[in-house]
Amino acid sequence: MAPKKAKKKAAEASSNVFSMFEQAQIQEFKEAFTIMDQNRDGFIDKNDLRDTFCALGRLNVGNDELDEMLKMAPGPINFTIFLSMFGEKLKGTDPEETIINAFKIFDPEGQGVLKGEDIKYYIMSQADKFTEAEVEDMFTNFPLDVAGNLDYKNLCYVITHGEDKEAE
């Protein structure tokens, strides 16, 4: 392929990734990228990943694990690659409305919450069964309210947007 055509294809690919997200989402990804790019060279490398894990309290990350993470990228991880990797991960996510409608099967009154014990029973006994540890992890990330209910509308928002509605 001629150099001009290769540059044009690369430019088209990078511009497409920016059209996958809203401007506010791109800004949030940029902030995350900047935090992870510890040495401020415009790329996330093994040392940046190690430093990021350390900042999050995980001090014993092995080289093999970091190498596996870096292999997921098609090349050096600059912001465009970082954004396209997130785009690839999110591409298979159903729209928020579809996920909410799935939860509504268990919430015929449309209250927006499900009893924690009920949802635990269903996800541990149906289809791709969760383990007790996975359920506890979910409830750690999406705590039940004081009445023991899961706010599934907020959970759906986080799944599709990556942040808590209340945090906005």
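**Aromatic rings in a predicted model**

Okay, let's start with Phe106: its relative accessibility is 37%, so we call it partly exposed. Keep in mind that what you're looking at is a predicted model.

Who does Phe106 pair up with? That would be Tyr122, and the aromatic pair is tilted, with 4.6 Å from centre to centre and 35° between the planes. Phe106 sits in the loop between H6 and strand S1, while Tyr122 belongs to helix H7, so the pair ties together parts that are 16 residues apart in sequence. Tyr122 is partly exposed too, with a relative accessible area of 32%.

Now, how many aromatic pairs does the structure hold? Six. Another one to look at is Phe103 with Tyr152: the ring centres are 5.2 Å apart and the planes meet at 15°, which is under the 30 degrees cut-off, so this pair is stacked. This one links distant parts of the chain, with Phe103 in helix H6 and Tyr152 in helix H9, 49 residues apart. And are those two buried or exposed? Both Phe103 and Tyr152 are buried.

While we're in helix H9, have a look at Asn154, which is found there as well. Asn154 has a relative accessible area of 12%, so it's buried.

Phe33, Phe79 and Phe82 come together as one aromatic cluster. Over the face of Phe79 you'll find Lys30, at 4.7 Å from the ring centre. Arg58 lies over the face of Phe53, and there the distance to the ring centre is 5.2 Å.

Methods. Residues are numbered from 1 along each chain as its sequence is written. This is a predicted model: local features need pLDDT of at least 70, side-chain atom pairs count only at pLDDT 80 or more; totals for chains, interfaces and linings use all residues. Side-chain values use heavy atoms; hydrogens and water are left out. Helices (H or I, at least four residues) and strands (E, at least two) are DSSP runs, numbered from the N terminus. Buried means under 20% relative accessible area, exposed over 50%, partly exposed in between (1.4 Å probe, protein chains only). Rings of Phe, Tyr and Trp (its six-membered ring) pair if their centres lie within 6.5 Å; planes under 30 degrees apart count as stacked, over 60 as edge-to-face and the rest as tilted. A charge sits over a ring if NZ of Lys or CZ of Arg is within 6 Å of the ring centre and within 35 degrees of the ring normal.
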